[in-house]
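Hello,

Here is the structure I promised to pass on to you. Please have a look at it, and then read my notes below.

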Amino acid sequence: MSTRVLDLHPAPADLEAVVCQGLARRPRQLPAWLLYDSEGSRLFELICQQPEYSLTRSEMALLEQQAAAMAAAVGHSPAVVVEFGAGNARKVGPLLEALRPGAYAALDISATALRQACAVLQQEHPQVPVLGVCCDYSNLPALPHDPLLRQEPRLGFYPGSSLGNFTPEEATALLAQMARLLGPGSQLLIGIDQPKPTARLEAAYNDAAGISAAFARNLLVRLNQDLQGDFDPAAFRYEAHWQAKNSRIAMALVSQRDQLVTLAGRSWHFGAGEALITEYSVKYSPTAFAALAAASGWRLAHSWSDPEGDLSLHLLAQADSHPTPSAHQP
Ligand SMILES: C[S@@+](CC[C@H](N)C(=O)[O-])C[C@H]1O[C@@H](n2cnc3c(N)ncnc32)[C@H](O)[C@@H]1O
């Protein structure tokens, strides 16, 4: 069975506007989705294999162990599972087996990686029709008009603690928008990473092999290609620091010297030591996340944690809906 991928990637002019806006901010900051071109997606796969970065292994193990319990908590076979930022879409496998949904849709900004992930997933789960949607899910007013996505009820799946890329205010708005996208009676299964000792967190986002640094520097390479730039990636040092006040890791490229960069037909001055924030990763305790979910209009229905207490998967339901355990067909 072949898979379809709908292309709703931001147009080049929109990408330019987003980048110019981000570079004009103080501190300079670009949205995390810009990290993911095809090379960025390849480097992220390598990050997941680094010994310091345990999130992917722990979350995958939790999904494998608890998929049946998660399906029971969802209470029915969803018409469609919609995954936000699917990446290689490896994590959804156990859920597709346990839930047997009518269809699966992977949303991701990284077109080449998305096409590949959908093809592999379709081969492994031939019984589930798979649709890819290349888009920025943080700026998606509605799900695309496609017969596969029209069915309800929908289950959202948002693993990888990617919500942490957004500030708590942005995250609240995003979760509320996901509720609107998924529609009445929908649920959302979301993975959330928790605060940990500083040394462990900083090592996870700045691995000894230098893959996290290469991943961040690839952003400059990507900007050079897409917006006719002349960034010298070697002139920027990568840093990842825990900011306790905001409960987040801040990842940044720091200018090594005073320099002038041309990008999108404009000159940009970077002072020595000036930071360009490439990504945040906000960490939420289960209590803090429950408050965030409630502020977004979701009801926390169930939570599962890994044995080490490093991360949790939370099942959220629309505040006015109730699970229907009797309707579940294993
Ligand atoms: C941290 S990776 C997580 C991948 C996978 N979900 C996992 O848990 O291993 C983030 C993924 O989301 C995608 N992504 C990031 N921001 C996005 C956005 N705003 N819209 C769509 N996709 C996005 C990236 O391309 C990447 O595949």
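**What I found**

Strands S10 (residues 259-263) and S11 (residues 266-270) run antiparallel and pair over 5 bridges. Pairing here requires that DSSP finds at least two bridges between two strands; strands (E, at least two residues) and helices (H or I, at least four) are DSSP runs numbered from the N terminus. S10 and S11 make a hairpin with 2 residues between them, and Ala264 in the turn has a positive phi of about 55 degrees. Leu263 sits opposite Arg266 in S11.

A word on the source: this is a predicted model, in which local features need pLDDT of at least 70 and side-chain atom pairs count only at pLDDT 80 or more, while totals for chains, interfaces and linings use all residues. Residues are numbered from 1 along each chain as its sequence is written.

There is also an open sheet of 4 strands with mixed pairing, in the order S2-S12-S9-S8. Its edge strands, S2 (28-29) and S8 (236-243), each pair on one side only. S2 pairs with S12 (residues 275-282) in the parallel sense over 2 bridges, and Arg28 stands opposite Leu276 in S12.

Then the domains, whose bounds come from an automatic or database domain assignment: domain 1 covers 19-30 + 198-282, and domain 2 covers 55-194 + 284-320. Their centres, taken over C-alpha atoms, are separated by 28 Å. In domain 1, 5 residues are in contact with 4 residues of domain 2 (C-beta atoms, placed from the backbone, within 7 Å). S12 gives the most to that side of domain 1, with 4 residues.

Best wishes

How values were computed
Contact = placed C-beta atoms within 7 Å.
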